[in-house]
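Hi everyone, thanks for making time for this. I'll walk you through one protein model today, so please have a look at it while I talk.

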Amino acid sequence: MEGAGYRVVFEKGGVYLHTSAKKHQDPDSLIAGVVRVVEKDNDVLLSWAPVEEAGDATQMLFSKKDAGGGDSCASEDEPSFDPGYEPDWAVISTVRPRPRRSEPSAGGAEPSCHRDSWAFWVSLGELKSIRRSKPGLSWAYLVLVTQAGGSLPALHFHRGGTRALLRVLSRYLLLASSPQDSRLYLVFPHDSSALSSSFHHLQLFDQDSSNVVSRFLQDPYSTTFNSFSRVTNFFRGALQPHPEGAPRDLHPGPEDEPEPGFEVISCVELGPRPAVERAPPVTEEEWARHVGPEGRLQRVPELRARIFSGGLSPSLRREAWKFLLGYLSWGGSAEEHKAHVRRKTDEYFRMKLQWKSVSPEQERRNSLLHGYRSLIERDVSRTDRTNKFYEGPENPGLGLLHDILLTYCMYHFDLGYVQGMSDLLSPILYVVQNEVDAFWCFCGFMELVHGNFEESQETMKRQLGQLLLLLRVLDPPLCDFLDSQDSGSLCFCFRWLLIWFKREFPFLDVLRLWEVLWTGLPGPNLHLLVACAILDMERDTLMLSGFGSNEILKHINELTMKLSVEDVLTRAEALYRQLTACTELPHNVQEVLGLAPPAAPHSPSPPASPLPLSPTRTPPAPPLPADPAAQPDSSLEILPEEEEDGVGS
C-alpha cells in the first residue's frame, strides 16, 4: 500500500495490547489493532493502531461489554509490575504510551482512556532491543525497547506474525541475540561498521581472559586481529552453517534445531600423498619471452602455471600484479593498456574529487562519510607501521592508503569501508607504488574477497563450511578431535580466511602467497587448502598435546610469523593432488575444488554448508542425529524468507 510520501511494507492484524495486569484478561482490557512497517520520508517507522482507527473492525476477537459494564481503563488498584519482572502471561508497559506527534493531546493533557490513545509509532533507528516471548504460549508477544530506555506496550500476536515482522525488520536492522538472554535481541543499524561495533556489545571474548578483555575494551579492532582470543557466542552463532533450504528462525526450539550436517556417512579412501617440488620464481627474462608483437602476452596459461609453481621475482611484481588482479588484460597490446590506464586515471580522480570536495560543514551532516573517514584514519595509522615503507609519523604512504580507501567508498557505496581492508591494500601499494594503479589493483582483489566483509557473513560461513568439508575428507581423526574439544566449527581459522593469511606470514611471504593464489590455479579455493596445510602441519602438536579449546586457539595464534610460505604452499598443492587422484571423491568436495560445476538449486549438497560426504551425484542418506546440546549457541541468525508460522509463532 502506498500513499503520498509513504509506503506500507508490512501489515498484520490481530495484534493486541493487554492493558490489564490480571492473569485472565478481561475482554475490555484487550485492544485489537494492526501493526505496520512504513517507509516514509527517508525513514522507516513501526506503528500500531487500534482497529477502529485502522478501519478494520473484523480484527476484534471479543464482544464489547454493555456501556454500563464498567470503565475500560485499568483501575487504580490493579497490580503494577516492576520493570525488571516480565511475567509471560501478561506483559504490560509500565509507562503509558505517549501521544503521537501528529496528534498531540490538547493542552498537553495526559492521554485519555480511549482506545485510540494507545496508538503509537517509532522510528526503527530509535530501537535498542526487542524481547520475544517464551515458546509454548497460546500466543506470542514482542516488547520493543527504545534507545532512551523506555519500552513500548507489548504487542501480542493472537493470530501469529512475530516471525514475519522480525523478517521484515531484518531488512533494515541487524538483530543479534544477547549472550545473557536468548530471548533478547539487540538491534544494530545496517551499515558497514555495525559488524565491528557489535563485537563489544555482544561480548565477543570470554570474560575469564582478563588481559585480553581489558585490551579488547580499549581497542576492539587490534585485539580482534592481534590477540585472536577465544571466539564465543557471536562468531559461533554467526558462522554456524545452515543446510540449504532448512528453515532458520531467530530462536529454534529443540524440535526444529537445524541439522548440523557434519556427520560423515561414507568414508573416502585417499591414496598416498604425492611429493611436490616448488619451482624458482619467474624472472624478468622469462616474462619477456612471453611478450609478443605489440606488447601482447603469449602462452598465458603456461605463464600463469609458472607463477603458480614459483611465484614472481620482486622486480617483476609491479607489472605482473596488474595482470593478476585484472587491472590490465592479458591479451591487450601495449597501446591498449596505455589508453586503458588513461581512462582509469580519469575515473579514479573523478571519484576522489567526490569526497575531497565535501566541506567540513557538509561532512557533519553526512554521518556515513564521517564514519568511514574516522575508521580509515584510525586503521591506517596502525597498518604495517613496522614496514619501512609505512614507518614514521609523516609517511606519505599513509596518506595514499587513506585516500585510496576513502575513494573506494565512492566506488563501492554498498560496501564502503570495513575494518581489515587496509590490510589488503597495504601490500598492493607497497608493490605498485602508484596511487591510481594501486586503487584499481585493490578493486580487483576486492572482487575476489568482498563477500568476506559483508555484514551477513554468509561468505565466511560458506568458506568455513567448505574448509571443514575438505578437512573431513583429508583427516577425519583431526576433525573428531576438534569436535571433542568444542573447536569443530573452525572459528580459529576465521582471520586466516578473512584477510587471506595477511597476519600469519611475514610481509614478504604474504606477497609470494597472494600472487600464487591470484593465479586461480589449480582451482578456485586454493586458500582453503592452504588452511588445511597449516592444520596438517600442526596436527600432531594439537592432538598429542591433549589441547583443550583454549589451548588450541592459543597455539593457532602463536603460529603467527612462524610459518614458511614455501612449505605451506608445497603441502597445499600436495593435498590438492591427493584429493584429485581419488576416483570416488564426493561431488560436494569436487565442487569446492572446482572439479565439478555447482549442483542444481535442489541438490542436497550445496557448497554453502558442510553437508555429509556423499558419493558422486547420488543423494546422500539423512545426517546422523546430533545432540542439540552439543550445538554452539546461535547469537546471530539470518531470518528465512518463507511464509511462516502458526498462532504461537
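Predicted model: local features only at pLDDT ≥ 70, side-chain atom pairs only at ≥ 80, totals over all residues.

Now, how many disulfides do we get here? The count is 0. In case the term is new, a disulfide is a covalent bond between the sulfur atoms of two cysteines. For a disulfide, the two sulfurs would have to be within 2.5 Å.

Okay, the overall picture. The protein has 24 helices and 10 strands. Of its 649 residues, 54% are buried. The accessible surface is about 29600 Å², and carbon and sulfur atoms hold 52% of that. And if you take the contacts with a separation of 6 or more, 70% of them are between residues 24 or more positions apart.

Next stop, glutamate 515. You'll find it in helix 19, which covers residues 507-518. Is glutamate 515 buried or exposed? With a relative accessible area of 0%, it is buried. So what does its side chain make a polar contact with? The side chain of arginine 317, at 2.8 Å. Beyond its neighbours within four places in sequence, glutamate 515 also touches other residues, including Ile307, Trp321 and Leu324.

Let's move to the backbone. Most residues other than glycine have a negative phi, and most peptide bonds are trans. Here are some that go the other way. Leucine 521 and proline 522 are joined by a cis peptide bond, with omega about -5 degrees. Proline 522 sits in the loop between helix 19 and helix 20.

Then there's glutamine 433, which isn't a glycine but has a positive phi, near 55 degrees. It's in the loop between helix 14 and helix 15, and at 45% relative accessibility it is partly exposed. Leucine 490 has a positive phi too, about 60 degrees. Leucine 490 is in the loop between helix 17 and helix 18, and it is buried, at 0%.

Last topic: aromatic rings. The whole structure has 20 aromatic pairs. One of them is tryptophan 287 with phenylalanine 323, a tilted pair with centres 5.9 Å apart and 55 degrees between the planes. Tryptophan 287 is in helix 7 and phenylalanine 323 in helix 9, 36 residues apart, and the pair links these distant parts of the chain. Both residues are buried.

Now compare tyrosine 411 and phenylalanine 439. Their planes are at 85 degrees, with the centres 5.8 Å apart, so this pair is edge-to-face. Tyrosine 411 belongs to helix 13 and phenylalanine 439 to helix 15, so the pair ties together parts 28 residues apart in sequence. Tyrosine 411 is partly exposed, at 32%, whereas phenylalanine 439 is buried, at 0%.

Those two rings also belong to a cluster linked by ring pairs, and Tyr348, Tyr408 and Trp440 are among its other members. Over the face of tryptophan 440 lies lysine 344, 4.1 Å from the ring centre.

Key:
Residues numbered from 1 in each chain as written. Heavy atoms only, no water. Helix = DSSP H or I, 4+ residues; strand = E, 2+ residues; numbered from the N terminus. Buried < 20%, exposed > 50% of the residue type's maximum accessible area, 1.4 Å probe, protein only. Polar contact = N/O pair within 3.5 Å; in protein donor to acceptor, adjacent residues only side chain to side chain. Contact = heavy atoms within 4.5 Å. Areas by Shrake-Rupley, 256 points an atom, 1.4 Å probe, with all protein chains shown as cover. Phe/Tyr/Trp six-rings, centres within 6.5 Å; stacked < 30°, edge-to-face > 60°. Lys NZ or Arg CZ within 6 Å of the ring centre and 35° of its normal.
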